[in-house]
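Hello,

Here is the structure I said I would pass on. My notes on its charged side chains follow below it.

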Amino acid sequence: GDWRLLNDIDSEFGNEMLNIETLATNWRSERNIISFNNSFFKAVCEIEADRIMPDEPQEQQTFITDKNLSAEAAHQLNTYAMALRHAYSDAAQEIPKSKPARGLVRIELLPEEKKEEYDAAAKARTLEYVRSLISQNVKPSDIAILVRFNYEASDIATYFAENAQELSIVSEQAFTLAASPLVMMIISTLRLLRNSKDKQAEVLLLKLYMSYIIGEDIPDGSLLTAENPLETFLPAQVASPEAMEMMHTMPLYELTEHIYRSLSLSKLEGQAPYATAFLDGMKIYMEDNVATIEEFLDYWDSELSNKAIAVGGGESIRVITIHKSKGLEFPFVILVATGGTDEIKDTLGSIMFHKKIGFITEDYDTETVSRNHSFEQYNYKMKMRLEANSETVRLLYVALTRAKEKLYLVGNSKEEKY
């Protein structure tokens, strides 16, 4: 959880209201993985805390002198450093005596300097690890690929779909029904049947149809300025006034099949899993609900659009964000850093604003702080840095404690990150 919520919980509520008990024993992971995590997070917290304020008295005094810190600033930095050390003081996990010395942790830092080159190398190396595990008779469903951001999950899932079609991938962030052009053409047609003046649905349907079925990209301007764009660009079976009137009378499932045939959606390659999942979802909905276009579109918007599907064959490898992996466990975990945005840099942008403090600019940092600078500004900036760094540590803790048997970490040797 959020270290800020739990760090001072004992002093906030008192012993009479709390019974603090750490679940110290890790029964999930193999011995070597537990040992690695214990050593890693102890070192990370100490390193980051020492950056804020060294713990050893003589080093602390030298740090204060070198930075020309006021007593007030030094006290606040020391408070932050102690908070970070305390927050993870009980993070070490005990290892059951019965666990043998098994388990693997492999860290690989790739040398590519340019982001595009590194991202490509990281995805390629991830696929190599997966194929190596599969060759050792590991079940695909026992493998999880963890990333930090949703777009990274989508990138990796797409890479596997294009370069390893023999492998089945499931990702809540990548393979949803709303990501399918086939499904979205059907949904857009249903929206137009519900409201013929829905311009957003009209433009989406026309652009998808022209791009994926006809193979032409039509500018939005041409679509909007045509006298009757639906009848101009779409087949008469779905675009003519007579067809529209007829479709209004059709049962929902038969209507969907009519749209599928009329728009020649069978021409779309790689869309069969989406079509099957969409029709199955519609059937399930119709079993217990009124099968009207209006009601079904409400169900689509609230639930079915986010349905994740497996792409490929057989059991599925999971691609998931660290946040979504909380509480889960996998025998084999590959943690991939694909060059995502540095949260600390985001937090400490070129200009920050606080309603009580005012503007804080980028050139105001720890290297230039002195008694003449605004303590309030410096204090706020350091607090933001602490929170961002602590969030990174928290996410790492979640990610590295998911694995049971083997843990692989792929990162960039050129990045100054953990």
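R131 is partly exposed, at a relative accessible area of 38%; partly exposed is the range between buried (under 20% relative accessible area) and exposed (over 50%), computed with a 1.4 Å probe on protein chains only. The model is predicted, so local features need pLDDT of at least 70 and side-chain atom pairs count only at pLDDT 80 or more, while totals for chains, interfaces and linings use all residues. Residues are numbered from 1 along each chain as its sequence is written, and side-chain values use heavy atoms, leaving out hydrogens and water.

R131 forms a salt bridge with E166 (3.2 Å, N to O). A salt bridge here is a side-chain nitrogen of Lys or Arg within 4 Å of a carboxyl oxygen of Asp or Glu. E166 sits in the loop between α7 (150-163) and β3 (168-170) and R131 in helix α6, so the pair ties together parts 35 residues apart in sequence. Helices (H or I, at least four residues) and strands (E, at least two) are DSSP runs, numbered from the N terminus.

A second pair is R125 and E108, with N to O at 2.0 Å. R125 is in helix α6 (residues 115-135) and E108 in strand β1 (residues 104-110), 17 residues apart. R125 is partly exposed at 23%, whereas E108 is buried at 16%.

K199 and E202 also form a salt bridge, their closest N and O atoms being 3.4 Å apart. Both lie in helix α9 (residues 199-214), 3 residues apart, about one turn of the helix. K199 is partly exposed at 47% relative accessibility; E202 is buried at 6%.

The whole structure has 14 salt bridges.

Regards
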